[in-house]
Amino acid sequence: MLPIVAIIGRPNVGKSALVNRLCGEQDAIVFDQPGVTRDRTYRRAFWQDREFQVVDTGGLVFDDETEFLPLIREQAEAALSESVVAIFVVDGKLGLTAGDEEIASWLRSQPVPVVLAVNKCESETQGLTLAAEFWNLGLGEPFPISAIHGNGTGDLLEKVTEYVPSMDEWEEVEETKVAIVGRPNVGKSSLLNALTGEKRAIVSPISGTTRDAIDMVVERDGKTYRLIDTAGIRRKKNVDYGTEFFSINRAFKAIKRADVVLFVIDVLDGVTEQDLKLAGRIIDEGKAAVIVVNKWDAVEKDTHTIYEYQKIIGDRLYFMEWADRVFTSAMTGKRVDKILDLIDTAAEGHQKRVSTSVINEVIEDAVRWHSPPTSRQGKQGKIYYGTQVTSKPPTIALFVNDPKRFNDSYRRYMEKQFRQQLGFHGTPLKLLWRGKSLREGEKMGSSNRATKV
Ligand SMILES: Nc1nc2c(ncn2[C@@H]2O[C@H](COP(=O)(O)OP(=O)(O)OP(=O)(O)O)[C@@H](O)[C@H]2O)c(=O)[nH]1
Ligand SMILES: Nc1nc2c(ncn2[C@@H]2O[C@H](COP(=O)(O)OP(=O)(O)OP(=O)(O)O)[C@@H](O)[C@H]2O)c(=O)[nH]1
């Protein structure tokens, strides 16, 4: 998947014209790729050595003078959350409008750089004059352009591509980041060796994290896995901290940086209190996970079956039902190969995006099977619509008449429906229940975003 550049602006400012200018007039190339919402059209563009895809977010319509329609804002925020830069298009002929100001102030709260394009500036001298008043938006230099005639688009692209990483840099961002965590002695180092052993492992210290954090990179079938802070796993081998020492803080840091957490448990000990603490953290951070139940070779196969262990672990970790479990032996290498497959599945679920229309089909169906609860006053819960607002972890906002009417059991039911119909395997799935009239509530959770580059 290429880096994404989002086009934002009020209706009729010339967004489509700009997309055509940047991507060529030929038929839209629609990227049918997993991980990208199908509601939006992605088209490929080039500028010098940079390659990217452009997405038109559709016009930002207002329901009154000052507020976006919530659904449109959700959609735009979802588009921004996966973009490396946004081009905010305004109409130079029309001049600065209240709507532009509103969009600008919203854009300033979004975690993405913005380049301001003042469109419909056909003549160069006139263009600079028209563009000048847009400095007031506080988004830096306004670039006068004519999307139709092409004036000024070179300078605009020059600026925009400052934020578009080269393909080399981008590939690094596309790696799956994996943290191996677990209590002392569960076999983390042994698993690390088993995972990296025969494959060519490159040890690469990376900047910006704990000074002595060392990541190891494993490649398989053209995919890259960055095993995070392997120094933290190995270090204890050299220093005698005593058996009780366990740097949970270091584990927490590794979890934070990861996409997928390999949560290692010792089958002989089962799930301990410390394990529950780690599990809780994985969920709080919204990370995908694979539960690795290690030392399977040490289990007496005559007296216990894998199903018994599945059950014991499943009962204790009932709140991580969504995570795959694999029973391994780092010592004999049994099922170690399977771990990377499970990481792939979990990473896929974690970054999955589903279109609004599909989400609403699932809701419609779910409600038909099982109506939302009715309050004592006889008022029934109503779901107006839902939309996926972000990924990593996948987060679906449900707009309802009154969130209080939806009890835990109905919320669990809904989550289960989404999982059954749409997958989201190996990852937490967040549902945000929002009252339609609560504007503040709608703003919640809309800007969490994995930082790109
Ligand atoms: N003079 C001039 N007109 C332009 C330019 N770009 C677009 N227009 C005109 O502005 C109008 C809107 O252009 P679109 O590209 O459809 O605008 P949009 O922002 O995609 O509109 P929505 O799809 O409604 O969000 C059309 O009549 C275009 O011909 C330009 O560079 N110069
Ligand atoms: N039987 C058996 N023993 C294992 C297995 N994996 C690891 N061990 C043993 O368990 C002990 C701890 O293994 P490590 O890999 O050092 O565990 P760790 O989780 O890295 O330990 P800390 O560095 O203390 O956090 C060692 O004696 C290993 O030989 C396994 O799959 N089966």
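Predicted model: local features only at pLDDT ≥ 70, side-chain atom pairs only at ≥ 80, totals over all residues.

Me: How many helices and strands are in the chain?

Reply: The chain has 15 helices and 16 strands. Helices (H or I, at least four residues) and strands (E, at least two) are DSSP runs, numbered from the N terminus.

Me: And how much of the chain is buried?

Reply: Of its 453 residues, 51% are buried. The chain exposes about 21800 Å², and carbon and sulfur atoms supply 49% of that. Those accessible areas come from the Shrake-Rupley method with a 1.4 Å probe; for residues, only the protein chains shown count as cover.

Me: What about contacts in the chain?

Reply: Contact means heavy atoms within 4.5 Å. Take the contacts between residues at least 6 apart in sequence: 72% of them join residues at least 24 apart.

Me: Back to lysine 392. Where is it found?

Reply: Lysine 392 is in the loop between strand 14 and strand 15. Its phi is positive, about 55 degrees, although it is not a glycine. The peptide bond from lysine 392 to proline 393 is cis, with omega near 0 degrees. Proline 393 lies in that loop between strand 14 and strand 15 too.

Me: Why point those out?

Reply: Because most residues other than glycine have a negative phi, and most peptide bonds are trans.

Me: Which other residue has a positive phi?

Reply: Asparagine 12 is one, with phi near 75 degrees. You'll find asparagine 12 in the loop between strand 1 (4-9) and helix 1 (15-23). Its relative accessibility is 66%, so asparagine 12 counts as exposed.

Me: Now serine 391. Buried or exposed?

Reply: Serine 391 counts as buried because its relative accessibility is 13%. It sits in the loop between strand 14 and strand 15. Leaving aside neighbours within four places in sequence, serine 391 is in contact with His350, Gln351, Lys352 and Arg353.

Me: New topic: how many salt bridges does a search of the whole structure find?

Reply: The search finds 25 salt bridges. A salt bridge here is a side-chain nitrogen of Lys or Arg within 4 Å of a carboxyl oxygen of Asp or Glu.

Me: Which residue forms one with lysine 392?

Reply: That's aspartate 259, with the closest N and O atoms 3.6 Å apart. The pair links distant parts of the chain, 133 residues apart, and aspartate 259 is in the loop between helix 9 (248-257) and strand 11 (260-266). Aspartate 259 is buried, since its relative accessible area is 12%.

Me: What does glutamate 51 form a salt bridge with?

Reply: Its partner is arginine 44, and the closest N and O atoms are 2.5 Å apart. Glutamate 51 counts as buried at 19% relative accessibility, while arginine 44 is partly exposed at 31%.

Me: Last one: which residues form the negative surface patch?

Reply: Glu124, Glu141, Asp155 and Glu158 form it. Patches are made of residues with over 30% relative accessible area and no salt bridge: like charges are joined within 9 Å, nonpolar side chains (Val, Leu, Ile, Met, Phe, Trp, Tyr) within 5 Å. Lys and Arg count as positive and Asp and Glu as negative, while His and the chain ends are not counted. The place of a charge is taken as NZ of Lys, CZ of Arg, CG of Asp or CD of Glu. Glutamate 141 counts as partly exposed, at 45% relative accessibility.

Terms used. Residues numbered from 1 in each chain as written. Chains lettered and ligands numbered in written order. Heavy atoms only, no water. Buried < 20%, exposed > 50% of the residue type's maximum accessible area, 1.4 Å probe, protein only.
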